[in-house]
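Hi,

Here's the structure I promised to pass on.

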Amino acid sequence: MPDASNGTLNSHVPDGPVQDKWDKHRFEMKLVNPANKRKFNIVVGGTGLAGGSAAASMAELGYNVKSFCIQDSPRRAHSIAAQGGINAAKNYPNDGDSIWRLFYDTVKGGDYRSREANVYRLAQVSNQIIDQCAAQGVPFAREYGGTLSNRSFGGAQVSRTFYCRGQTGQQLLLGAYQALMRQVAIGKVQLFARREMLDLIVVDGVARGIVVRDLVTGKFETHVADAVVMATGGYGNVFYLSTNAKTCNVTASWRCHKRGAYFANPCYTQIHPTCIPQSGDYQSKLTLMSESLRNDGRVWVPKNAKDTRSPKDIPEAERDYYLERRYPSFGNLVPRDVASRAAKERCDSGFGVGAGLAVYLDFRDVIKRDGEEVVRAKYGNLFHMYEKITAENPYKVPMRIYPAVHYTMGGVWVDYNLQSTVPGLFVLGEANFSDHGANRLGASALMQGLADGYFVIPYTIGNHLATTSLPKVSDDHPAVREALENARGRVQQLLDINGTRTADSFHRQLGSIMWDYCGMARNKDGLTNAIGQIQELRQEFWKNLKVVGNGESLNQNLEHAGRVADFMEFGELLVTDARHREESCGGHFREEHQTAENEALRDDENFCYVGAWEFKGVDEESTLHKEELEFKDVKLATRSYK
Amino acid sequence: MSDTLNLTLRVWRQANRDDRGAFHAYRLEGVSTHMSFLEMLDVLNEQLISQGEEPVAFDHDCREGICGACGVMINGQAHGPDHETTTCQLHMRRFRDGDTITIEPWRATSFPVVKDLMVDRSSLDRIIQAGGFVSVNTGNAPDGNAVLVPGADQNKAMDAAACIGCGACVASCQNASAMLFTAAKVTHLAELAQGRAERSQRVLSMVAQMDEESFGGCTNTYECEAACPAGIKVTAITKLNREYLRALVTSDV
């Protein structure tokens with residue numbers, strides 16, 4: 001169990017050289033014998049790449065699994081929207097890749113704020129993921145002869161990204177979903193769709209189940225288990241406008257946090273450089289255009305500020321390919337945080353196109369070189385989507401893009417076993433914090449989700465079950481009743497306010513505070529201001545929220561209100577974390593801390609740690625615990641993509 | 001062309017599965033042509049909540065056309081008038097000022113209405129449970145390049161695997177058949193070497209489950225292909241039929 005009594009956190013990383021840690025650990029962990037596995041019940045929240053693969057793999061081992069999802073089917077989890085690809089260190093192209101190089105690129109890409117041992121393990125199992133998915137029938141792109149194809153992604157100089165056209169997330173998710181459906185058919189997994197997790201059941205300090213609300217009937221259910229696995233995704237929707245799906249929320253993570261799970265590095269949010277710009281106040285979400293487009297698309301703005309000519313009328317000499325200019329060795333394939341800041345810098349300096357908050361992503365040269373058909377084969381669905389949304393044809397005119405909130409590297413703190421500070425609560429995928437540091441490289445979210453679910457949790461959960469005393473807990477145990485009443489009470493509170501403002505309007509306002517003060521650039525005064533504004537808005541929320549309908553039937557505006565209520569609390573923690581971290585790293589850019597060339601300036605002396613926050617009460621200050629980060633195998637250095 | 005529209009919406013309202021349900025008409029003014037169809041419904045819902053009325057329930061999630069959650073009948077067409085486009089990707093520039101738009105849920109016995117425009121599509125999950133997978137436990141896989149899949153086969157598999165499971169094929173079919181959905185999965189896995197070991201069992205079980213769920217039979221009207229936002233072609237159904245016959249003739253299952 002993580003020991004936080006002295007203010008530092010024990011990550012339980014095994015001793016020994018980094019390349020031997022996982023093997024050694026797998027040997028040292030206790031096992032549950034095959035005949036006993038069927039005596040253990042595990043609940044898994046979320047059915048994305050991490051949750052779906054975890055539920056299926058644990059059921060294959062013989063555990064009894066209950067799988068919960070908020071959508072009407074596990075196949076709809078937001079992993080499905082990942083477009084570009086998944087990394088692995090296969091080195092099939094023979095271009096110099098290796099586990100070490102993937103490890104190194106990921107640590108560097110994360111701006112030296114991730115845990116080395118976890119990242120090495122991630123790189124190690126990456127190859128097994130490709131094998132497993134190919135065997136499941138995931139239709140990865142292949143060469144004519146039948147071997148697997150690769151393409152390039154940001155932050156790497158090798159081609160290590162496997163892909164299924166522009167729908168890699170969809171295909172990997174369907175692979176995990178199908179594995180899950182197979183276990184449902186066998187009876188090893190019980191499926192609970194349209195359920196929202198509203199509390200964690202903790203008995204004698206150990207996580208023993210969850211409280212969910214059936215979104216169709218409004219009924220609350222308690223599900224007691226021997227271990228709880230949460231894979232409920234990231235919190236990007238705290239910004240309201242993001243590339244996340246509409247139901248993505250922080251509620252499950254936040255309720256775990258309130259029950260004792262520390263929340264790590266919430267300020268590490270990824271702003272993705274290539275998204276379709278906002279077009280109006282009614283906008284409900286932003287749409288990503290895959291990073292893979294930067295393989296062939298060239299990013300530029302006019303050299304003259306406020307140039308209003310149509311892009312085709314701007315001659316070559318008057319175009320500023322600013323990524324190629326500033327970062328000649330990585331060019332258009334610099335990591336996301338770098339590309340986003342560079343776009344913001346150009347737009348803030350008056351060189352933006354369209355309404356001013358956009359840059360061009362231009363395919364003219366690749367179409368000239370390879371022809372439209374080749375481009376269509378690689379990116380057809382993305383171009384189609386772009387045209388649907390903007391009514392412009394990207395084969396003819398350059399795309400207009402602007403950065404948008406996309407992924408959250410922070411999350412529930414977990415140790416090397418993916419166990420949170422509440423024993424028995426394991427957190428996987430985007431919901432945890434451990435592998436991406438302060439910035440995630442492209443094509444590594446899918447890798448991490450599946451690594452956690454297919455190849456880490458099936459081992460580490462056994463150790464927990466084999467070494468923890470797990471007395472029988474019935475549904476009428478006081479801790480179960482208390483959690484149930486707590487969840488029910490909060491929903492009733494929302495219904496009782498009877499104010500005048502909708503949950504959506506509160507959410508939008510919270511989002512604009514977050515984006516204005518805690519978006520791509522942050523400073524101390526702005527962050528302090530934001531905390532005050534969030535506190536005020538939260539007070540207004542609890543006085544003036546309007547929810548119509550009742551709690552005993554399907555009620556989407558009630559569901560939304562509950563999620564916004566949690567974002568109101570969580571948003572303050574995110575900003576608090578951003579204010580405390582007096583350095584710039586990855587997606588966290590503090591204006592006070594930058595180099596003369598406007599690059600992020602880290603402070604390894606004082607901030608080379610994971611900031612994990614302990615919940616003390618809604619209007620109380622959270623307590624900071626530190627996990628010091630050690631870099632033994634990748635030397636701490638200033639990131640350079642020049 | 002004006003940038004805003006004034007619309008009349010005829011929306012199906014049904015409190016729950018057992019309610020009879022009826023159309024309700026709503027006026028919506030100043031709808032921007034740049035909005036997506038679902039954003040237009042968001043605006044309607046904000047208006048309804050402000051008036052103290054229950055918002056219209058509809059399924060939606062990614063709003064990028066890939067999760068398959070959204071889907072309603074718009075003026076009698078599944079996902080509306082645009083080719084290969086989900087409801088969330090349909091934009092209001094497709095409509096004219098003064099239009100009346102009729103919005104209904106998918107209608108099929110196998111998709112009972114949950115509320116308003118939301119239906120229960122768990123029958124599609126059960127078709128996948130019947131065999132829409134490759135039986136390979138985690139850890140059992142050979143190297144990804146050990147089993148070669150020629151690019152052409154992979155392409156055919158990918159075309160079929162693109163199905164988003166929205167149910168538009170069922171909703172647009174006069175028989176409420178799930179043939180295109182089932183065929184897409186059968187084709188995806190039958191085209192790949194990895195899926196061939198179980199091909200007979202798979203097609204027989206999935207078709208049996210389809211019947212079990214009360215989906216209708218296919219009478220080749222091709223409405224499913226016309227409605228499919230993921231571009232799945234009816235040639236997948238041909239493939240399913242061949243797979244089915246092959247299984248009947250050659251297998252002992």
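Below is what turned up, going from the chain pair down to a single helix.

First thing to know: this is a predicted model.

Let's start with the two chains. Chain B puts 75 residues into the contact and chain A puts in 77. Together they bury about 6,000 Å², with carbon and sulfur atoms giving 50% of that. On the chain B side, Asp61(B), Glu64(B) and Thr138(B) lose the most area to chain A, together 11% of what that side buries. Between the chains there are 52 residue pairs in polar contact and 6 salt bridges. As for elements, helix 3 of chain B supplies the largest share of the side that touches chain A, 7 residues.

Now chain A by itself. It's divided into domain 1 (21–27 + 40–234 + 415–467), domain 2 (273–404) and domain 3 (478–628). The C-alpha centres of domains 1 and 2 lie 31 Å apart, and 17 residues of domain 1 are in contact with 18 of domain 2. That pairing buries about 1,400 Å², 48% of it on carbon and sulfur atoms. It has 6 residue pairs in polar contact but 0 salt bridges.

Last, helix 6 of chain A (residues 168–186). At 1.5 Å a residue, its 19 residues should span 27 Å, and the end C-alpha atoms are 27 Å apart, so the two agree. Helix 6 is mostly covered, with 17 of its 19 residues buried. Just after it, Gly187(A) takes a positive phi of about 95°.

Cheers

Definitions and conventions
Residues numbered from 1 in each chain as written. Chains lettered and ligands numbered in written order. Predicted model: local features only at pLDDT ≥ 70, side-chain atom pairs only at ≥ 80, totals over all residues. Heavy atoms only, no water. Helix = DSSP H or I, 4+ residues; strand = E, 2+ residues; numbered from the N terminus. Expected span 1.5 Å × (residues − 1). Buried < 20%, exposed > 50% of the residue type's maximum accessible area, 1.4 Å probe, protein only. Domains from an automatic or database assignment. Contact = heavy atoms within 4.5 Å. Buried area = accessible area lost by both parts, 1.4 Å probe. Salt bridge = Lys/Arg side-chain N within 4 Å of Asp/Glu carboxyl O. Polar contact = N/O pair within 3.5 Å; in protein donor to acceptor, adjacent residues only side chain to side chain.
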